[in-house]
Every structure is written in structure tokens, then in C-alpha cells.
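Let's take a friendly walk through the pockets of this model and one of its helix pairings. Have the structure open as you read.

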Amino acid sequence: MQAQDDLQSRWWNLEASLVERFGKKPDMETILFLIGIQEFGDIRAKFTKEQKQDLMHVAVCSLLSQSGYYELESVDEDGWPHFKQLKPLPEFNMVEQENFLKDHILLYFQQNGFQ
């Protein structure tokens, strides 16, 4: 239970930092969207709904590449990264899946000097 408490505490600290920076508390999709934009490297005024979904996919693949689940395979002519899955993802229930993703998000922000 200690690890769970630590994860939640670190998550709340990240949320507080993001509130301070952006003025409101982001949900998981918003955080994935922000990471996707960072990884895509092209900040636009508008993204289509499909592009927003693609950005969140880029974020998830980038996050999970930290643990060897994906690797960057190529970048297409429009600058979109494409990933290759290297190993199957663990089977989790919804809470475990969310915590798995939160842990990778926290690592991402730590490695990118945000916290």
C-alpha cells in the first residue's frame, strides 16, 4: 500500500504543478494530449478530433517506450512519429492500468525536468 500512496502523492504534486502552470486541473486525456504535442513538436492553434486522438496515441507510445513496450520506428513526411510494439502490455484492470500510465507520466515529467 505504501507504493500506491507514494504514487498518489506524486500524482497530486504533478497535478498541482500543472494547475499552477495552466490555471486549471487537467484530466488524464489532457495530460496525454500535452505530452503528445510535446513529442510531435508542432504546436498548432487547432487540431482535428482525429489528430487529437493521434496525439494521445503518440503520448502513450512515447510513455511506454520508457519501459521497452514500444520504440520509435519512423517519422512520416508530415512529422508524425510511428511506433513499433516490442512486447505485449501487461493485463491490468482499469485501476491498475491507470496507475501504470500515471507512473509512466510521472517518469516522463521527471526526465523532462518539469518537477
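## The second largest pocket

By class, 10 nonpolar, 1 polar and 1 charged residues line the second largest pocket (Ala, Val, Leu, Ile, Met, Phe, Trp, Tyr, Cys and Pro count as nonpolar, Asp, Glu, Lys and Arg as charged, and the others, Gly among them, as polar). Among them are Met28, Glu29, Met56, Gln97 and Phe100. H2, helix H3 (49-65) and H4 each supply at least two residues of this lining.

This is a predicted model, where local features need pLDDT of at least 70, side-chain atom pairs count only at pLDDT 80 or more, and totals for chains, interfaces and linings use all residues. Residues are numbered from 1 along each chain as its sequence is written, and side-chain values use heavy atoms, leaving out hydrogens and water.

## The largest pocket

The lining of the largest pocket includes Leu18, Arg21, Ile35, Gln38 and Tyr108. Helix H1 (2-22), helix H2 (28-40) and helix H4 (94-111) are the elements giving it two or more residues, and H2 gives the most, with 4 residues. By class, the lining has 9 nonpolar, 2 polar and 1 charged residues.

## How H2 meets H4

H2 and H4 pack at an angle of about 40°, with their axes 12 Å apart (axes are lines fitted to C-alpha atoms, for helices over the stretch in contact, and angles run from 0 to 180 degrees between N-to-C directions). That makes H2 oblique to H4 (angles under 35 degrees count as roughly parallel, over 145 as roughly antiparallel, 65 to 115 as roughly perpendicular and the rest as oblique).

Technical notes
On a 1 Å grid over the protein atoms alone, a cavity is a set of points where a 1.4 Å probe fits but cannot get out, and a pocket is an open set with protein on both sides within 12 Å along at least five of seven lines; lining residues have an atom within 4 Å of a point.
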